[in-house]
Amino acid sequence: MREPPLATNLTWSASTSRMNLGAAPSPGQIASESQMKTRLLSIAVLFLLPLTAAAQTAEEIVKKALEARGGVEKIKAVRSERVSGHVSFSQSMEGTFVVELKRPLKMHVEITIEGQKIIRVYDGKSSGWMVNPFLETKEVQPLSPDDLKNISDESDFDGPLVDYKSKGNQIEFVSKESLDDKPVYRLKLTNKNGDVRFYFFDASSYLLLKWEGIRKSGEQELPWESFFSDFHEVQELKFPFRIDQGSPGTELKQTLIAEKIELNPQIEDSRFTKPVPATPASPAATK
């Protein structure tokens, strides 16, 4: 289970190196011109080394993170996926969810709250739809251009690291830091749309522990973060069975707990077409 398909449907700072130049040297301390050039060259090399090391470290972390999940070969062998479970919100609302994914990039999401079902569908090509009985318009609506802009990220259950270069993603190493007293590696990902996200990987297990970035809610852009925990193995692949997420400083918070993850279930393609809203039962049928 990955953050993008779930978070959007219920829906930074890096240290910089500094050099202490100290006081200006006296004439007696100044070496010859050639020595000064050598010193400047050495300083330039010192500035370049961290950049090279960071690039190598980013590649290494990505490789180990994919291995920690189970390996690229096993990830790509999954042709369809179904995740079902329980969702709770900060407003004391609770419900259930089912997320179905199928290659290439097809997605069907159902969230049931207070007996009402929210549906969100993407056909894997260019069209998507939503049914939300909590809105004023309860009929099937096409997904907005903003939704479609990033829909391939949501429906890509390989995740953004698999073949990230061919997807147009750029990844940079930011720092090694601490998250809840655990050493983690922070990576910066810039996708093809220019959106920036940060991923935090456990420095020991290389499992993803946190994601943070910006999400759009209507016309408002909000900071968003997701915490991943309770990892279990399903057919030799690791999945987080709990995701706590929300917008810091707001009441937008929710917890997703997976109760079942199915790999390669049989899912008909009709699940990824425009949904047909449920028709009310006729009076005769209710007698």
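Is K117 buried, partly exposed or exposed? With a relative accessibility of 40%, K117 counts as partly exposed, where buried means under 20% relative accessible area, exposed over 50%, and partly exposed in between (1.4 Å probe, protein chains only).

Before the tour continues, some conventions apply. This is a predicted model, in which local features need pLDDT of at least 70 and side-chain atom pairs count only at pLDDT 80 or more, while totals for chains, interfaces and linings use all residues. Residues are numbered from 1 along each chain as its sequence is written, and side-chain values use heavy atoms, with hydrogens and water left out.

**The whole chain**

Display the protein chain as a cartoon. Six helices and 13 strands are present; helices (H or I, at least four residues) and strands (E, at least two) are DSSP runs, numbered from the N terminus. Of its 287 residues, 41% count as buried. Now switch to a surface view: the accessible surface of the protein chain is about 16600 Å², and carbon and sulfur atoms account for 53% of it. Such areas come from the Shrake-Rupley method with a 1.4 Å probe; for residues, only the protein chains shown count as cover.

Side chains of opposite charge can pair when their charged atoms come close. A salt bridge is a side-chain nitrogen of Lys or Arg within 4 Å of a carboxyl oxygen of Asp or Glu, and by this rule the count comes to 21 salt bridges.

E110 is buried, at a relative accessible area of 13%. Next, select R271, whose side chain meets that of E110 in a salt bridge of 3.5 Å, N to O. Because E110 lies in strand β3 (residues 106–113) and R271 in the loop between β13 (253–263) and α6 (283–286), this pair ties together parts that are 161 residues apart in sequence. R271 counts as partly exposed, at 29% relative accessibility.

Select residues 116–122, which make up strand β4, and residues 128–131, strand β5; the two run antiparallel and are joined by four bridges. Strands pair if DSSP finds at least two bridges between them. Between β4 and β5 the hairpin has five residues, and there G124 takes a positive phi near 85°. Strand β6 (residues 141–142) also runs antiparallel to β5, with two bridges joining them.

Which residue of β5 is the bridge partner of R120? That partner is M130, and in β6 the bridge partner of M130 is Q141.

R120 counts as buried at 5% relative accessibility, whereas D147, at 27%, counts as partly exposed.

**K106 in strand β3**

Move to K106, which is placed in strand β3 and counts as buried at 15% relative accessibility. Its side chain makes a polar contact of 3.2 Å with the side chain of D269; a polar contact is a pair of N or O atoms within 3.5 Å, where within protein one must be able to donate a hydrogen and the other to accept it, and residues adjacent in sequence count only if both atoms are side-chain atoms.

**The nonpolar cores**

Select L161, I171 and I261, the residues with the most contacts inside the largest nonpolar core, which has 47 residues. Such a core is a set of buried Ala, Val, Leu, Ile, Met, Phe, Trp, Tyr and Cys residues joined through side-chain atoms within 4.5 Å. Helix α2 (residues 33–69) supplies the largest share of this core, six residues. A second, separate core of six residues includes L179, V184, F198 and L209.

**E212 in strand β10**

For the last stop, select E212 in strand β10 (residues 208–217). E212 is buried, with a relative accessible area of 11%. Its side chain makes polar contacts with the side chains of R186 (3.4 Å) and K210 (3.1 Å).
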